[in-house]
Amino acid sequence: MAEVIMQKKKNRVRCSDEKFLEAVFNSTTYEEIAEKTGQKVASTIARYTRTKKVLAERNIDIPEIKRTSYPKDINNVDNMIEIVKKLKEHHKGE
């Protein structure tokens, strides 16, 4: 018998332009803006880009926003080498 999967419709989070721009001026990263507005980070990035473009056409600048950068772990090369060796051995046996 087939399994029935019920999907709940996702709720869109809306916020006013004033609230969004206030969050932009009080934040340094997209994550901070998303947290303040309740929107997802992807939606925040898209909205920021659209807003910046429209305002730039009228010679109005808004603050530059950064993406959160995570520290890169250079020491994981040895770990990746081990994983590749295991995968090669596993696929060689097939």
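## A first look at this predicted model

Val77 sits in helix H4, which covers residues 77-92. Please keep in mind as you read that this is a predicted model.

Together with Met80 and Ile81, Val77 makes up a nonpolar patch on the surface, and the three residues share about 250 Å² of accessible area. How exposed is Val77 itself? Its relative accessibility is 41%, so Val77 counts as partly exposed, since that class lies between the buried limit of under 20% and the exposed limit of over 50%.

Next come the salt bridges, and the count here is two. Asp17 pairs with Arg47, and their closest N and O atoms are 2.7 Å apart. Asp17 counts as exposed because its relative accessibility is 55%, whereas Arg47 counts as buried because its value is 11%.

The other bridge joins the side chains of Lys52 and Glu64, with 2.3 Å from N to O. Here too the pair links distant parts of the chain, with Lys52 in helix H3 and Glu64 in the loop between H3 and H4, 12 residues apart. With a relative accessibility of 26%, Lys52 is classed as partly exposed, while Glu64, at 58%, is classed as exposed.

| Residue | Relative accessibility | Class |
|---|---|---|
| Asp17 | 55% | exposed |
| Arg47 | 11% | buried |
| Lys52 | 26% | partly exposed |
| Glu64 | 58% | exposed |

What is the phi of Asn59 near? The angle is near 60°, a positive value in a residue other than glycine. Asn59 has a relative accessible area of 72%, and therefore it is exposed.

Finally, turn to the largest pocket. Its volume is about 260 Å³. How many residues line the largest pocket? There are 11, and those nearest its centre are Arg12, Val13, Gln39, Lys40 and Ser43. Sorted by class, the lining of this pocket holds five charged, four polar and two nonpolar residues.

Methods:
Residues numbered from 1 in each chain as written. Predicted model: local features only at pLDDT ≥ 70, side-chain atom pairs only at ≥ 80, totals over all residues. Heavy atoms only, no water. Patch = residues over 30% accessible without salt bridge, like charges linked within 9 Å, V, L, I, M, F, W, Y side chains within 5 Å. Areas by Shrake-Rupley, 256 points an atom, 1.4 Å probe, with all protein chains shown as cover. Salt bridge = Lys/Arg side-chain N within 4 Å of Asp/Glu carboxyl O. Helix = DSSP H or I, 4+ residues; strand = E, 2+ residues; numbered from the N terminus. Buried < 20%, exposed > 50% of the residue type's maximum accessible area, 1.4 Å probe, protein only. 1 Å grid on protein atoms, 1.4 Å probe; cavity = no way out; pocket = protein on both sides within 12 Å on 5 of 7 lines; lining within 4 Å. Points joined across faces, edges and corners; volume = space filled by probe spheres on them. Nonpolar A, V, L, I, M, F, W, Y, C, P; charged D, E, K, R; others polar.
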